[in-house]
Amino acid sequence: AIVSSQTGLTGVVQSRTYLGDKIEYEVTFGGQLLNIVRFNPADDEGVSPGTTVSISIAPADVRLVD
C-alpha cells in the first residue's frame, strides 16, 4: 500500500501515471527508484509527485520476476 505519511519506511513519489485499471508510481526509496503498480485503485487514490509516503508490502503480495 502507498499511504501519504511520514512514519515507518518512507519514500518520495517521483511520478504518478493513471491508466484506468491501474496507477503506476515511481518512488525514490533508500536512494533507489522503485516502480509500484496499484491495480484496481480506489477512485480517490492519487498520491501526487513530491509527496512523502510510507511503503508497506504484505509478503503474500510480493511477485519476483527475472
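Q: Which residues make the nonpolar surface patch of about 360 Å²?
A: Ile57, Val62 and Leu64 make that patch. Keep in mind that this is a predicted model.

Q: Where is Val62 placed?
A: Val62 lies in the segment after β5, and β5 covers 52-55.

Q: And how exposed is Val62?
A: Val62 is partly exposed. Its relative accessible area is 44%. That value falls between the 20% and 50% cut-offs, so the label is partly exposed.

Q: Let's zoom out. How many helices and strands are in the protein?
A: There are 0 helices and 5 strands. Along the sequence the pattern reads β-β-β-β-β.

Q: What share of the residues counts as buried?
A: The protein has 66 residues, and 21% of them count as buried.

Q: New topic, Ile36. Which strand is it in?
A: Ile36 sits in strand β4, residues 32-39.

Q: Is Ile36 buried or exposed?
A: Ile36 is buried. Its relative accessible area is 17%, and buried means under 20%, so Ile36 qualifies.

Q: How far is the C-alpha atom of Ile36 from that of Glu26?
A: The two C-alpha atoms are separated by 6.2 Å. Along the chain, Ile36 and Glu26 are 10 residues apart.

Q: Now Glu45. Where is that one?
A: Glu45 is in the loop between β4 and β5.

Q: Why does Glu45 count as buried?
A: Because its relative accessible area is 15%, and the cut-off for buried is under 20%.

Q: Which side chain does the Glu45 side chain meet in a polar contact of 3.1 Å?
A: Tyr25 is one partner, side chain to side chain. Arg38 is another: a polar contact of 3.1 Å joins the side chains of Glu45 and Arg38.

Q: Which residues does Glu45 contact, leaving aside neighbours within four places in sequence?
A: Arg16, Ile23, Tyr25 and Arg38.

Note on methods:
Residues are numbered from 1 along each chain as its sequence is written. This is a predicted model: local features need pLDDT of at least 70, side-chain atom pairs count only at pLDDT 80 or more; totals for chains, interfaces and linings use all residues. Side-chain values use heavy atoms; hydrogens and water are left out. Helices (H or I, at least four residues) and strands (E, at least two) are DSSP runs, numbered from the N terminus. Buried means under 20% relative accessible area, exposed over 50%, partly exposed in between (1.4 Å probe, protein chains only). Patches are made of residues with over 30% relative accessible area and no salt bridge: like charges are joined within 9 Å, nonpolar side chains (Val, Leu, Ile, Met, Phe, Trp, Tyr) within 5 Å. Accessible areas come from the Shrake-Rupley method with a 1.4 Å probe; for residues, only the protein chains shown count as cover. A salt bridge is a side-chain nitrogen of Lys or Arg within 4 Å of a carboxyl oxygen of Asp or Glu. A polar contact is a pair of N or O atoms within 3.5 Å; within protein, one must be able to donate a hydrogen and the other to accept it, and residues adjacent in sequence count only if both atoms are side-chain atoms. Contact means heavy atoms within 4.5 Å.
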